[in-house]
Amino acid sequence: MRVGVLTGGGDCPGLNSVIRAVTKSLIAQGGAEVVGIEQGFLGLIERRSRPLSWDTVSGIHGRGGTILGTHNRADPFAFFGAGGADVSAAALAYTAELGLDSLVVIGGDGSMAIADRFSRLGLPIVGIPKTIDNDLHHTDRSFGFDTAVATAAEALGRLETTGQSHCRVMILETMGRYAGWIALEAGLAGAADVILLPEMAYSLEAVAARCREREQRQRLTLICIAEGAMAVGGAMTVAERLAGSPDPLRLGGVAHVLRQQLQPHVASEVRATVLGHVQRGGVPTPFDRVLATQFGCQAATMVCRGEFGRMVTLQGGTLASAALGDVAGRNRTVPLDHPLLASARQIGVCLG
Ligand code: F6P
């Protein structure tokens, strides 16, 4: 058995743990030969790969990033490097040339959409959910999210001390695209006074009122805002558009927008920090390493059982799988009746 492995889309902490688990498990369970495809689907297009052995995946468990590299614009069905042309046939031909019996795709909703199309063309594929955004359907928690939350919570702690010294309103912007999971959990962990999510448009008046109220008795107001958040009647803050990407919109900068909106309405100075890719880098937490290992082992088992066209899932603490088509191109946002929102309200957090 010869199995290809690739990591697609934006990277996240824990990818190396998955590569390690898939490779070791396939070798141990199935006596497989494992081939690493470089830079996501770009490696299939540009014919770049290398063998993965027990030894090459040893010592990578605690390392951030992905030893295989990744790419977030290499869609073989609309390849940016060929003016948007469909080069999927050439990519498929490369898998045949490599003698691959199947392919493990570690990625987010965009990668799963590509995987689903290849799967429908007859390539046996098992998907593994990956994203710091925690926004994949059928997956309560994706690896990388815990690390991102820990990083953002630590940043809030740092903003808290400097903000207190200067009696300021401090705003931290987290990633997460159209889902507010990182802002919600980091905000709760980092004791934010205001948490603003894409799922709930915020009222500037409500945020300003909370800041003014705190100015009467506290030295600081800490605001955690998700990059996809927007004011009532406003729009998401788009940083740039990347042609050729499954989702061309890159969000970013809403913290600065909020700062400008808020400053005229409060006495304290307002400062904004955009955390950005710091959330995606660095060493994965032990939780993410363990989750990534479980996902990798589950995927290897699915390959050995011939359960193709499906992605590993985690629901209610149980590992299972869902059809690629069920997760492709879909986002799981924070439901408005989520228990964490109720907890936030109960402890007086302003949700805008
Ligand atoms: O999907 C992961 C993510 O980090 C989002 O939170 C963010 O909006 C986006 O990717 C940033 O993408 P890029 O690395 O292309 O700037």
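The shell around the ligand consists, by class, of two nonpolar, three polar and five charged residues. The model is a predicted one. The residues that make up this shell are N72, I132, D133, M175, G176, R177, E227, R250, H277 and R280. The nonpolar class takes in Ile and Met, and the shell contains I132 and M175. Asp, Glu and Arg count as charged; D133, R177, E227, R250 and R280 are among the residues around the ligand.

Three of these side chains can be followed to individual ligand atoms. In E227, a side-chain N or O atom is 2.5 Å from an oxygen atom of the ligand. For R250, the distance from a side-chain N or O atom to a ligand oxygen is 2.6 Å. R280 places a polar side-chain atom 2.8 Å from an oxygen atom of the ligand. The cut-off for a polar contact is 3.5 Å between N or O atoms. The ligand on its own exposes 400 Å², and the protein buries 82% of that area. The space that the ligand takes up is the largest pocket.

The aromatic side chains are a separate topic. The count of aromatic pairs comes to four. One of them joins F77 and F118, with 4.8 Å from centre to centre and 50° between the planes, and this pair is classed as tilted. F77 sits in the loop between β3 (49-52) and α3 (88-97), while F118 belongs to helix α4 (residues 109-120), so the pair ties together parts that lie 41 residues apart in sequence.

Definitions and conventions:
Residues are numbered from 1 along each chain as its sequence is written. This is a predicted model: local features need pLDDT of at least 70, side-chain atom pairs count only at pLDDT 80 or more; totals for chains, interfaces and linings use all residues. Side-chain values use heavy atoms; hydrogens and water are left out. A residue is near a molecule or strand if one of its heavy atoms lies within 4 Å of it. A polar contact is a pair of N or O atoms within 3.5 Å; within protein, one must be able to donate a hydrogen and the other to accept it, and residues adjacent in sequence count only if both atoms are side-chain atoms. Accessible areas come from the Shrake-Rupley method with a 1.4 Å probe; for residues, only the protein chains shown count as cover. On a 1 Å grid over the protein atoms alone, a cavity is a set of points where a 1.4 Å probe fits but cannot get out, and a pocket is an open set with protein on both sides within 12 Å along at least five of seven lines; lining residues have an atom within 4 Å of a point. A molecule sits in a cavity or pocket if more than half of its atoms lie within 2 Å of its grid points. Rings of Phe, Tyr and Trp (its six-membered ring) pair if their centres lie within 6.5 Å; planes under 30 degrees apart count as stacked, over 60 as edge-to-face and the rest as tilted. Helices (H or I, at least four residues) and strands (E, at least two) are DSSP runs, numbered from the N terminus.
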